[in-house]
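Please examine the sequence and the model shown below before reading on. The paragraphs that follow lead through the helices, the nonpolar cores and several individual residues.

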Amino acid sequence: MGSKNSSCPPTVVPSTSSRGPDLKNAKESKVAEDIKKAIENNNFSLAASISQKYLEDTNNIPLNIAVTGQSGVGKSTFLNAFRGIDNTDERAAPTGEVETTMKPKAYPHPTYPNVALWDLPGIGTPRYPADQYMKLVEFEKFDFFILVSDIRFNENDAKLAKEIKKMGKKLYFVRSKIDNSLRVAPRSPKEYDEEKTLQEIREYCIRALEGQGVASPQVFLMSSFDLHLYEFRALQDTMERELPSHKRDVLILALPNICKSTINKKKEVFRSQIWHYALLSATVAAVPIPGISIVFDVGILVKVLQDYLFGFGLDKMSLEKCSSATNTPLDELRAMLNCICCGKDVTKELVLLMLKSATVALIGLAAEEGSRFIPFIGIPIAAALSFTTIYMFLSSNLNELSVDAENIVTKALAIK
């Protein structure tokens, strides 16, 4: 069915809103100009410090997502699935049919601690009456809200939606447990049409909200146990589009790897940072590796490769979890992977081994590829080989790891 094909465009795009403000490109342009001026003045130390600060600032941008809904609607399961963990994980939000959320509680992303999903109490309870809800949960700290329901959105949900819109915040409605709804839907072998049933459920939710004064509600149908099915992709595309640009990349990296498009977006976020790491590598103490004239702190590359593994779900723990969840032998998963660091602890020794084996091949590519960057940032010829070799090393491994991640998603999770 089209609704379950996660490599195809979603069957519905509920929002046509314009993109959020573009703050990222303005900052990147300013940083690039400052780096260029520092290098023109032969101040490599300043150039490196500008890149270092940019990377630190970028990787620590906070993103706070509020998830709310009545008890028993699958709110906690959705919150856990969004963070890439299941309900049995020790870091999971507790689940239950009775209200388990007494006050707002943050659940940090397991890989990106600057990203937090907040479990909010349901609106309209004695502790959180509808008319005081926004003040009590301190709404201003959240970048956007997700309201979860498993049947229909009620009067309190509508009140909350109108208050959130009044405050200028984004709100997305998630109709959860859609797999359960399809399972019990009346059907006959000849007449059952899953797409039609999904459309009827969506229209029912929209009519209920519009009937209570909510204008143009954005409703997404999904199963928290199988995010790659139905409309989670449509939700993530909408969130990306409507977030300010400087927070868009933060969201992309924190998304679960449920389809190839997510992996490709993560690859582009990682790729945009490579030249900063390459610049750092050209400004630190030399390391005796043939073919690199001004080399780098290997610890930087250890961190970058670790970031790639965790971002793509190719670290040891993620592969073991994937093996268990899909009943696929771990050795079979590993046979799909080509990059030497997949499923391993990235150490300085491993990085040095990878560099030594790659240097000869990379040097041949370095001059041509580096010519696109050296005139722009003004790196002297003495540092060019270091810069371009490390740039090519990271680019090559990033490409290889993204292909490995696609193989895991396609073959192990049967997403095509």
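**A guided reading of the model**

The buried residues of α11 are V298, I300, L301, V302, V304, L305, Y308, L309, G311 and F312, where buried means under 20% relative accessible area, exposed over 50%, and partly exposed in between (1.4 Å probe, protein chains only). This is a predicted model, in which local features need pLDDT of at least 70 and side-chain atom pairs count only at pLDDT 80 or more, while totals for chains, interfaces and linings use all residues. Residues are numbered from 1 along each chain as its sequence is written, and side-chain values use heavy atoms, with hydrogens and water left out.

Helix α11 covers residues 298-312. Its 15 residues reach 21 Å from the first C-alpha to the last, close to the 21 Å expected at 1.5 Å a residue; the expected span is 1.5 Å times one less than the number of residues. Just after α11, G313 takes a positive phi of about 70 degrees.

The protein chain as a whole contains 16 helices and six strands. These elements are DSSP runs numbered from the N terminus, helices being H or I of at least four residues and strands E of at least two. Of the 416 residues of the protein chain, 51% count as buried. Among contacts between residues at least 6 apart in sequence, 71% join residues at least 24 apart, contact meaning heavy atoms within 4.5 Å.

In soluble globular proteins, nonpolar side chains tend to be buried together. A nonpolar core is here a set of buried Ala, Val, Leu, Ile, Met, Phe, Trp, Tyr and Cys residues joined through side-chain atoms within 4.5 Å. The largest such core has 90 residues, of which F78, I146, Y308 and L314 touch the most other members. Helix α16 (residues 381-412) supplies the largest share of this core, eleven residues. Leaving aside its neighbours within four places in sequence, F78 is in contact with V67, I146, V148, V174, M222, S224, F232 and L235. Apart from this core lies another, of 32 residues, among them A116, A130, L198 and V214.

Helix α8 has two helical partners to consider. Helix α8 (residues 232-242) and helix α9 (residues 245-254) pack at an angle of about 155 degrees, with their axes 8 Å apart. Axes are lines fitted to C-alpha atoms, for helices over the stretch in contact, and angles run from 0 to 180 degrees between N-to-C directions. Angles under 35 degrees count as roughly parallel, over 145 as roughly antiparallel, 65 to 115 as roughly perpendicular and the rest as oblique; α8 and α9 are therefore roughly antiparallel to each other. The contact is formed by Q236, M239, E240 and R241 of α8 with R248, L251 and I252 of α9. By class, this contact of α8 with α9 has three nonpolar, one polar and three charged residues. In this classification, Ala, Val, Leu, Ile, Met, Phe, Trp, Tyr, Cys and Pro count as nonpolar, Asp, Glu, Lys and Arg as charged, and the others, Gly among them, as polar.

The axes of α8 and α10 come within 11 Å and cross at roughly 30 degrees, and the two helices are therefore roughly parallel to each other. R233, Q236, D237 and E240 of α8 meet S261, T262 and K265 of α10. The residues of this contact of α8 with α10 divide into no nonpolar, three polar and four charged.

T262 belongs to helix α10 (residues 260-281) and is buried, with a relative accessible area of 0%. Not counting residues up to four places away in sequence, T262 touches Q236, L255, P256 and N257. S395, in helix α16, is also buried, at 6%.

Two loop residues other than glycine have a positive phi. For K177, phi is near 55 degrees; K177 is found between β5 (170-175) and α6 (178-184), and at 26% relative accessibility K177 counts as partly exposed. For Y230, phi is near 65 degrees; Y230 is found between β6 (219-221) and α8, and at 10% relative accessibility Y230 counts as buried.
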